[in-house]
Amino acid sequence: MLDREMHCFPRLRNALRRARDLVGLATTSSAAASFTSATSPKIAAMEDLQKLKTRLCIIGSGPAAHTAAIYAARAELEPILFEGFMANGIAPGGQLTTTTDVENFPGFPKGILGYEFMERCRDQSVRFGTQIHTETVNRVDFSTHPFKVFTDSRAVIADSVIVATGAVAKRLNFPGSGEGKEGFWNRGISACAVCDGAAPIFRNKPLAVIGGGDSAMEEATFLTKYGSKVYIIHRRDEFRASKIMQNRAMSNPKIDVLWNSVVVEAYGEEEKGVLGGLKVKNLVSEEVSDLKVSGLFFAIGHEPATKFLDGQLKLDSEKYVVTKPGTTQTSVPGVFAAGDVQDKKYRQAVTAAGTGCMAALEAEHYLQEIGSQEGKSD
Ligand code: FAD
Ligand code: NDP
């Protein structure tokens, strides 16, 4: 009923545009070149893939990936960038495509819409010659140099790689939170208020947001445009959100907070098959109360997009890529990581862009050290 892609105009538009770009790029690719296929049974199907080679392959499409691409392209490294095709459910452009105004990136005194900002970053990457493919990287091989990066239709042999795949919103698991028969996911439950909040089923209805960070404040404030009332359900008695975001939410008369509270169940509205309400437990009194809402939005943080690395880079306990402090160097020389995929502390567009710049400069230095030249990868 609530189809995320259809209700998310910027994301749909971006995805369709990338698909069109893909057709153009596939036919004009200048870096296409054949290389000897490896004997490993894991990559035996390489004959079916279009082969490319490059000095630098960038994986990702947020501020980190595009900043890296702009620097690398201006340094004439002719980077190949895989921006993903709804990778982890997020459109090319990354997390900022799921938000409205970005007000804290320097240079935009009046703020800028998240998806518009990312369109501009992408245009700047293309302007300096980055070759962008709207494909998701599903496998890498960092065990030998040069490295290999795979999508469903392409295999890239690369002298260096920058991983900038960002992070993805977390979901909670309780009775009624699942998909289909398991619950009301996409039928009242969502992890993106900005994408789904305007749907008719939420109009003039009470809604709830779980979380206590900046996302929860932003999503709750945003939802007051549509809902009759917005409850923030938070497991502790204080928010971790920045003061300015907290103040904005708390001063909104439509927002109420349920402190020290967790959702233990979601139930449906009779006969309609959509969310009807929540059972909410107060962690201090242990009392479970009923909260009638038509929408529930998770805003409980993110998970780094590192599964496709299949353990080939050192990760920390929360699966973030480990980088050498003060650098973007990973456990594999020649592979660099930038943005939220290696940063669980700051997680901002400007810090992602900053580490993207660092990664490109470090990759350039590395390529000089190994004597990598244009058109030469082995
Ligand atoms: P991301 O933005 O996470 O993008 C990475 C992208 O790479 C993915 O989304 C996907 O499209 C692609 N990708 C992933 N895996 C693959 C793969 N295997 N192959 C190919 N491509 C892949 N920060 C601010 O500074 N100001 C704000 O106002 C602000 N608002 C925010 C609002 C919301 C709702 C959220 C969730 C975050 C907000 N942030 C804000 C944080 C900011 O969006 C992130 O810090 C920033 O986008 C991280 O950038 P990144 O380059 O690491 O990657
Ligand atoms: P955060 O990690 O900052 O916050 C997550 C929130 O969800 C916390 O309050 C946490 O509770 C709660 N939570 C986590 N797990 C659970 C769970 N299992 N059950 C219930 N609650 C849970 O994530 P955000 O997405 O809010 O922010 C991520 C980054 O993006 C931050 O750096 C933020 O500054 C940035 N951002 C910036 C914005 C802006 O500047 N305009 C807007 C949105 C995000 P607890 O506090 O108890 O740990």
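## Glu238 and its partner

In this predicted model, glutamate 238 has a relative accessible area of 45%, so it counts as partly exposed. Its side chain meets that of arginine 236 in a salt bridge, with 3.6 Å from N to O. Arginine 236 is partly exposed too, at 32%.

Why might such a pair form? Side chains of opposite charge can pair when their charged atoms come close.

## Other salt bridges

How many salt bridges are there? The count comes to 12. One of them joins lysine 307 to glutamate 303, and the closest N and O atoms sit 3.7 Å apart. Lysine 307 is exposed, at 71% relative accessibility, while glutamate 303 is partly exposed at 36%.

Then there's lysine 344, paired with glutamate 318 at 3.2 Å between the closest N and O atoms. This pair ties together distant parts of the chain, 26 residues apart: lysine 344 is in the loop between β19 and α8, and glutamate 318 is in the loop between β18 (302-304) and β19. Lys279, Asp290 and Lys292 are joined into one network by salt bridges that share partners.

## A positive patch

Which residues gather in a patch of positive charge on the surface? They are Lys170, Arg235, Arg240 and Arg347. Arginine 347 lies in the loop between β19 (335-337) and α8 (349-370), and it is partly exposed at 33%.

## Helix α4

Helix α4 covers residues 114-127, and its 14 residues should span 20 Å at 1.5 Å a residue. Buried residues of α4 include Tyr115, Phe117 and Met118. Just after the helix, glycine 129 takes a positive phi of about 105°.

Terms used. Residues are numbered from 1 along each chain as its sequence is written. Chains are lettered from A and ligands numbered from 1 in the order in which they are written. This is a predicted model: local features need pLDDT of at least 70, side-chain atom pairs count only at pLDDT 80 or more; totals for chains, interfaces and linings use all residues. Side-chain values use heavy atoms; hydrogens and water are left out. Patches are made of residues with over 30% relative accessible area and no salt bridge: like charges are joined within 9 Å, nonpolar side chains (Val, Leu, Ile, Met, Phe, Trp, Tyr) within 5 Å. Accessible areas come from the Shrake-Rupley method with a 1.4 Å probe; for residues, only the protein chains shown count as cover. A salt bridge is a side-chain nitrogen of Lys or Arg within 4 Å of a carboxyl oxygen of Asp or Glu. Lys and Arg count as positive and Asp and Glu as negative; His and the chain ends are not counted. The place of a charge is taken as NZ of Lys, CZ of Arg, CG of Asp or CD of Glu. Helices (H or I, at least four residues) and strands (E, at least two) are DSSP runs, numbered from the N terminus. Buried means under 20% relative accessible area, exposed over 50%, partly exposed in between (1.4 Å probe, protein chains only). The expected span of a helix is 1.5 Å times one less than its number of residues.
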